[in-house]
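Here is a colleague's note, in numbered points, to be read with the structure open beside it.

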Amino acid sequence: MRLVVPLQGVAQGRGGLLLGSLIPCALFYFLQLYLKRRRSPSDPSPPSTSSSNQPGMTRHSSLSNLLSRGPLRISSLATSIAKPDDSPYYMGLDRASGDPYHRIANPDGVIQLGLSENRLCFDLIEKWTSENLRDWVMGREVGDLSISGIATYQPSDGTMKLKMAMAGFMSRVIGRDVSYEPSQMVLTAGVTSAIETLCFCLADHGNAFLVPTPYYPSFDRDMKWRTGVELIPVHCRSKDNFVLSISALDQAFNQTRKRETKIRGILLSNPANPVGNLLSRKMLEALLKFAEEKNIHIVSDEIFAGSIYGEKEFVSIAEVVGSEDFDKNRVHIVYGLSKDLFLPGVRVGMIYSFNENVLAAARKLTRFSSVSAPTQRLLVSMLSDTRFIVEYIQTNKKRIRDMRDLFVAGLEELGIKCTDSRSSLYCWADMRNLIPTYGEKGELELWEKLLNVGKINLTPGSACHCIEPGWFRCCFTTLDKDDVRVVMERIRKVVGSRTSCG
Ligand SMILES: Cc1ncc(COP(=O)(O)O)c(C=O)c1O
């Protein structure tokens, strides 16, 4: 009855509102107090009201249980590769792709000279694609006009049609009477994958490859990440024009053997990324002899075989091993269409090997990195268009040469000299005179200044394991002719006009 009185007040208005709220609250409080007193003092926890089915488990204790289990683990491989890149090569690429220069849309953006793309003949690719779109989607030949040719499983190491088309393209690119045997080919999703597949085939975890420096920065990723293979730099120097010598190779071989590390091969980049040097026939013979003596393999990355635009001719190791009495079993070539035919997004590469066991294993491994059937159809169509391919190869060489001459002349006006090379997509610029202190630190200071103040991304030599600080790789095939002037103005802004040594 007592409860009814104030509630009546609420209903009746005046003063009832206060009493109507306070009195039920007070009653509830005293009821709680009374129940608490009656509970035994030895009973530490109230009966669980959580949804847990486990007796006595509270929210609090399940959280602490989770915490004591530690964070959810991922593999050590994933942990190490998930870390942000600290290499200036990848940092620079990210910076430039996050704020890309465009003459009209983003004139203060970063000019990309670090990414190996050759955009100089993109117009030809675009033209061909627009003219042949229907053909390559549907297939040229009668019988190909169905989805079944591309929707069903295809051989994971590539169709014979594409291997034949690739063999024809490679011979055309070299421009001499060199023939490639399609049955010795294994097609992969890019050269990156071809190199890694070869590593799996030739070496065990902890084995090593000798690699002449300066070398393509991503060899460290492609060869080491998943295979556990080691790369041993063989240093080449400016006084030798960064040309490899057998004595440097021998020295690196002996030093590595002393550490009880097994060397499984030499990785060559010919034409070389980043310097643009070509290995002579004599040097290739010496390398083959060296490999036989030491009983190791040779992997020759010839991805720039068609990007040659000077007097010197490119000699493939396939020609040398075929012409003399060398053991072919230890020779493996990688090639692809990311550079000579500007299709890096299409992801097509290949292993060309003389070793049946390697081919057998590589074929099976391509299940993890095969080229999709529509892609293969596109390429068969494009590579079989002889008129287009011949025109592309010729125009490409001419445009690279013209752009290189323009770019190198611009650097020279600033007092920056480049090594004398006429292949690949780069010039290898000597900025030793421009680094604030002699050493890797000074080189990186200049690189940062060029990136942050000049807004141009170059690849510092240290990212290519170059032993001498102050060298930079400039990929000029990403530029329009008009951009060259902007690049030079920006470099001038950072370094002024000074003379570099030798
Ligand atoms: C020497 C060399 N090998 C391999 C690659 C990777 O080629 P892909 O894009 O076909 O994987 C590159 C790319 O720059 C390269 O320069």
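This is a predicted model: local features need pLDDT of at least 70, side-chain atom pairs count only at pLDDT 80 or more; totals for chains, interfaces and linings use all residues.

1. Lys417 has Asp430 in β10 as its bridge partner. Helix α16 (residues 386-413) packs on the sheet and touches β9, β10 and β13 (471-475). The direction of α16 makes about 10° with that of β10.

2. The sheet as a whole can now be placed. It is an open sheet of four strands, in the order β9-β10-β13-β12, with antiparallel pairing. Its edge strands are β9 (417-418) and β12 (459-460), each of which pairs on one side only.

3. A second sheet has seven strands. This sheet is also open, its order is β2-β8-β7-β6-β5-β3-β4, and its pairing is mixed. The edges are β2 (185-188) and β4 (230-234), and each of these pairs on one side only. From one strand to the next, the twist averages 25°.

4. For the student: a residue counts as buried when 20 or more other C-beta atoms lie within 10 Å of its own.

5. The neighbours of β5 can be traced pair by pair. Strand β3 (residues 208-212) runs parallel to β5 and is joined to it by three bridges; Phe209 has Gly265 in β5 as its bridge partner. Strand β6 (residues 297-301) also runs parallel to β5, with five bridges between them. Here the bridge partner of Leu268 is Ser300 in β6.

6. β3 and β4 run parallel and are joined by five bridges, and Leu210 has Ile232 in β4 as its bridge partner. Helix α8 (residues 160-174) lies across β2, β7 (331-336) and β8 (349-353), and runs at about 100° to β2.

7. What kind of unit do β5, helix α12 (residues 281-294) and β6 make? They make a right-handed β-α-β unit. The loop between β5 and α12 holds Pro271 and also Pro274. The peptide bond from Asn270 to Pro271 is cis, with omega near -5°. The bond from Asn273 to Pro274 is cis too, with omega near 15°. As background, most peptide bonds are trans.

8. Two residues deserve a look for their backbone angles. As a general rule, most residues other than glycine have a negative phi. Arg347 is not a glycine, yet has a positive phi of about 60°. Arg347 sits in the loop between β7 and β8 and is partly exposed, because 19 other C-beta atoms lie within 10 Å. His465 also has a positive phi, near 60°, and lies in the loop between β12 and β13. His465 has 19 C-beta neighbours inside 10 Å and therefore counts as partly exposed. In both cases the reasoning rests on the cut-offs: 20 or more would be buried, 12 or fewer exposed, and partly exposed is in between.

9. Is Phe122 buried or exposed? Phe122 is found in helix α6 (residues 122-138). With 11 other C-beta atoms within 10 Å, Phe122 is exposed. The C-alpha atoms of Phe122 and Leu343 are separated by 9.1 Å, although these residues are 221 apart along the chain.

10. Which of the 13 residues around the ligand come nearest? They are Ser116, Gly190, Val191, Thr192 and Ser338. By class, the shell around the ligand consists of four nonpolar, eight polar and one charged residues.

11. Some totals for the protein chain close the note. The secondary structure comes to 18 helices and 13 strands. Of the 502 residues, 40% count as buried. Among contacts between residues at least 6 apart in sequence, 70% join residues at least 24 apart.

Notes: Residues are numbered from 1 along each chain as its sequence is written. A residue is near a molecule or strand if its C-beta atom, placed from the backbone, lies within 6 Å of it. Ala, Val, Leu, Ile, Met, Phe, Trp, Tyr, Cys and Pro count as nonpolar, Asp, Glu, Lys and Arg as charged, and the others, Gly among them, as polar. Two strands pair if DSSP finds at least two bridges between them. Helices (H or I, at least four residues) and strands (E, at least two) are DSSP runs, numbered from the N terminus. Two residues are in contact if their C-beta atoms, placed from the backbone, lie within 7 Å. Axes are lines fitted to C-alpha atoms, for helices over the stretch in contact, and angles run from 0 to 180 degrees between N-to-C directions. A crossover is right-handed if, with the strands pointing away from the viewer, the path from the first strand over the helix to the second runs clockwise.
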